Structure formats: C-alpha cells, structure tokens
Amino acid sequence: MSEVQELIVNMGPQHPSTHGVLRLIVHLDGEVVTRVIPDLGYLHRGLEKLAENKTYAQFLPVTDRLDYLAAISNNLAYCLAVEKLLRLDVPKRASYIRVILAELTRIVSHLVWLATHALDLGAFTPFLYCFRERELLLDIFEMYCGSRLTTTAFRIGGVPKDIDGQIKQKIEEFIQIFPSKLNEYEALLTNNKIWLDRTVNVGVISAEDAINYSLSGPCVRGSGVEWDIRRAEPYCVYNELDFDIPTGRGVGDTYDRYLVRLEEMRQSNRMIKQALEKMPEGNLMADDPRVVPPTRDKVGTRIESLIHHFHIMAEGFNPPVGEVYQAIEAPKGELGFYIISDGSPKPYRMKIRVPSFANLQAIEKMCENGMMLADVVAIIGTLDIVLGEIDR
Amino acid sequence: MSKQEIIKAVKTKWTDAIEGVDDTRDLTIRVKKGNILEICRFLACTPELGFDYLSDICGVDCLSDISRGAVSSSRFDVVYHIYSISKKHRLRIKAAVNENESINSVESVWKAANWYEREIYDMFGIVFDNHSDLRRILLPEDWKGHPLRKDYPLVTDVGEKWLEEKLVTHVPV
C-alpha cells in the first residue's frame, strides 16, 4: 500500500546554485517539479528609500551595488536618467567611452553567467577559462577607475577619465584575443552531449509568454523576440555602431539563451572595436557649471573654483521639477531609472526598474511541463539573476 | 505612432476616464483609478497601440505634494510604464489612490504585474483588488509599516524590534 505525497524542498537562501540569497520553495512529485515559489528579500537594503535621502551625485556610488557584476551599466543608466532630467548633453567622446566600458561590462557579466551556469551543470573547465578572461577586463576597469567591481566609472555630465595610451592598448589587446577565447568556450560546450542534454528543451518559454512576463534582454531574445533597447531606442552612440541582434533558434529554451549570450559577447567585441576606431577627439565632461564641478587644477589655484566645487559637492544641484524614465539595455535586460524631481537637490522618488526582478518572476512558468529538480538549477542559471538588483 | 496620435486614440475611447495629459517630456496620461483595468486592456489589446510590454509599475507617495497644497488631494499615485515592442513607443499611465482605498490589479492583462503590485503593496500598503497572491514580497510577512511612505523614518528601530521578537538569542551557559 502506498500513498502519493507531495514533497516540499526548501532550496536556499544558502545554496551555491541559487546565485546569491534566493530561496525557492519547490513542490515535488518524485523528482518532477509541480510548483516553484520564490521567496525574495534577503538582500533588501532599501536603496530606493536611501535615494530619497541622498543628493544626485551621492547616489551614484550606490548604483554600483545593484547589479554588482555589471556596475558600469548601472552607472550608465543612472547618469543618463539624471542627464535626461537636467536636459544635459554629454560630449561625443564621453559617450563613446561610456559605450566602450558598458560593452566591456556586458562581456564581464556574460562571462560570469557562463562560468557559473556551466559549473552548476557540471562543466568545470569553462569556469576557469571565463574567469581567466574576466580577470583581464577587471584589470582594465581597475586601470580606468581604480576599482574592479564597485566602479562608479562615470559622472553626471560625462566621464572622469580618458581612454588613451595604456588603457586603450590593453582594450585593443583584449578584443584582439577574445574571439578566439569564445571559440574555446564553444568547443567545450556548444556540441557537448552532456551540455545539450541539460539545456535543450529545458525551461522553455514562448515569445508570447516571455513578453507577457516582461522578460527582457537575452531572456526575451532567446524566445525569438528581436528587441534590443540599443537598437529600438538608441542612447549614447549606439545608432552609430553596427551590430546584430542574435535571437537563437526560436525555441525559447536554455540552450537558445546560451547561444544568444555567446553571440552577444561577439557583437560587443565588434562594437568596442568600432567605437575605438570612431571615437572623436573632444571634452570628457559637459560644459555646464550647474552640475559639473571645475577641474582639479582650477580648484587648487582659484578661490572661486574652490567655492564652486564645494557648493556642488556639499549642496548638490537643483534639477528642474519633473519626471523622467530612462531605460538602457543592461547585460541582463531592461534597466530603467524613473526619477521624480521636486526641484530640490534630492530626488523626490526614485524607482529602479531592474531586469532580474521581472526575469525571475517567469521561473514559475519555466518550471512547468514536467521539469526535474535538477532542471531548476539550469533555469536559475539561464535567467542570469543577481539578487543585489532584485532585492535592492 | 506619435505622441499626439496616442493621445487621440486614447481620448476618443476614454473621454470621461482621463483626468489629464502631459506630453512635455515622456508622454503621461492620468486616468481615474476605477477605469484602470479597462484602459490597460484597451492599450494592450488595440493593435494600433500594441502596448504589449509592461516595463514597470511603481508607487509614489504624494504626501509632500498635499502639504504644499497641490491640486491632487490623493495620497498615492500608482504609475505604470508600458511599452510596445512592435511599435517602439512608451507611455506612462498614472492613477491616484487615496489611503484606505484599493485599485484593480492589471495582472489579467500583463502577468508581470503580479510581483510589481506585490512590491507596491509591500512598500506603500496600497491594496490591489483581484490580485491572485497579494503578500509582501521583499520584507517579512509580519513586518509593521510600509517603508517607502514619506512618513516612515529613514532610521528606525523597527528592524531591531522585529529581530528581537523573532530570534532566540544566545543564552550564556
């Protein structure tokens, strides 16, 4: 005599394959998943409340802590939103530098995704390979802004440092070797029998469902939707660069999203190459004394500049009353900042629309149709979530 | 579709439900909260508009506006950012909700609304009618207060008190 009983397994918040402090309550019938209930909030730090109590410039370093694997993308989205609010035009050279660094960040983010995703599914070597290349990129970030993860690489109104000389040479060296490294990863995984068994037809989501669940980035493109904010609503200088939007084979499974992200890294590499060639000469910061502090040499020699600098740093600046929403294509999808200004130096309300939050919501849908417990690990990996931005 | 065409399309169908239009920057349409579900369904299902993608829903506490004597006397705004993947246009919908009032959930139009509305319920205490699973999402279920309200202090001991209640602390031997 046997009685069928549903088994409830608690996965996380301390579990290596949940990529952070995500807790999943998994209902199982044998090994088959019947329901997945995500439980969030273990990393909630109240960043939106914090934003209401900091000046615009003070909040910039906090954005690093959203998606901590792609801090530069967060900096970019935030700076663009504040600049939109201020109606501030950024010099062309600064926009090119932003694009170069943002695309390098996309590569870093995708490398970490590939490394951990493959590791979760039992492939150890890609992890070592990916982190080898990631190290080169983090060194470039360190050369540019002094830190590797929490970068604060941009400023409201431009960029603090030029890409030339040694940094430029390092980036050129990297984009030279990177395509061959991508071939190495592909040789390990793309036609690997075990990899195919673990990813093909796992976590399938149709294009219609993907849009209805507000998936964005590689997750929606993996379902065959050709939508990329860099193309649809170009920001910075993406309209001057030539790139393709990969959409996989149109099945919408984990393998498709793998193909999309790998191809995206190739496209990013292509974009960086073009941007380095096309980058015009020019200023790095916008010419707007309301927002942009005077240069270091002026602060050191002129009293007016010192007062001016102190004024901007201590009191902040007053943007016009109004509200803006600015979205960018971050490595994980649509990252948007919605800022309401009441004319004071601090935002009245700031909502951060993060890609991982919406992407994770689809996990319930993806785990339908008889997925196994081991597939849940693959699905978490393929969603490429970062809890820092989900919980905020 | 240009901003004017969107405004025209919405206005023709929903003359009475629209409270205001602002097209100076991002296009914003303020609607009556009672019509929110029908308007959202109209925006999502009309082929010319095609707002199939829900970027975001967020809450705004207008407490300071009220104290400044603003026209709107409602405590909260619920703000919907929607986008059309095929038509590539964005729209912001706003609906005013007062304290102790509720607003219809738009989960039946966009499934993604589920978690966004839970987050607003968590952070502002705005109740969504006909929501399938209205629980707190980021904070613990027995948390007191709604942190993104303007009258909720930045630094408080609510967290410590909550922890004291919850945790059995180390007892010295």
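Tutor: Let us begin with a definition: a salt bridge is a side-chain nitrogen of Lys or Arg within 4 Å of a carboxyl oxygen of Asp or Glu. Here the side chains of A:E240 and A:K92 meet in such a bridge, at 2.6 Å from N to O. A:E240 lies in the loop between helix 10 (229-232) and helix 11 (254-278) of chain A, and A:K92 lies in helix 4 of chain A, 148 residues apart. Helices (H or I, at least four residues) and strands (E, at least two) are DSSP runs, numbered from the N terminus.

Before we continue, please note that this is a predicted model, in which local features need pLDDT of at least 70, side-chain atom pairs count only at pLDDT 80 or more, and totals for chains, interfaces and linings use all residues. Residues are numbered from 1 along each chain as its sequence is written, chains are lettered from A and ligands numbered from 1 in the order in which they are written, and side-chain values use heavy atoms, with hydrogens and water left out.

Student: Which salt bridge does A:R349 form, and how far apart are the closest N and O atoms?

Tutor: The partner of A:R349 is A:E48, with 3.2 Å between the closest N and O atoms. This pair links distant parts of the chain, for A:R349 is in strand 6 (residues 349-353) of chain A and A:E48 is in helix 1 (residues 47-51) of chain A, 301 residues apart. Both A:R349 and A:E48 are buried. Over all chains, the structure holds 52 salt bridges.

Student: How many residues of each chain are in contact between chain B and chain A?

Tutor: Contact means heavy atoms within 4.5 Å. By that rule, 46 residues of chain B are in contact with 42 residues of chain A. The size of an interface is often given as the accessible area lost when the parts come together. Buried area is this loss (1.4 Å probe), summed over both parts. Chain B and chain A bury about 3,900 Å² between them, 53% of it on carbon and sulfur atoms.

Student: How many salt bridges are found across the interface of chain B and chain A?

Tutor: The rule finds nine salt bridges across that interface. One of the bridges between the chains joins B:R92 to A:E323, whose closest N and O atoms are 3.4 Å apart. Strand 3 of chain B gives the most to the side of chain B that touches chain A, with nine residues.

Student: Why is helix 2 of chain B described as largely enclosed?

Tutor: Seven of the 10 residues of helix 2 (residues 36-45) of chain B are buried, so this helix is largely enclosed by the rest of the structure. Among the buried residues are B:I36, B:L37 and B:F42. The buried residues of helix 2 pack against helix 1 (3-13), strand 2 (28-31), strand 4, strand 5 and strand 6 of chain B.

Note on methods: Buried area = accessible area lost by both parts, 1.4 Å probe. Buried < 20%, exposed > 50% of the residue type's maximum accessible area, 1.4 Å probe, protein only.
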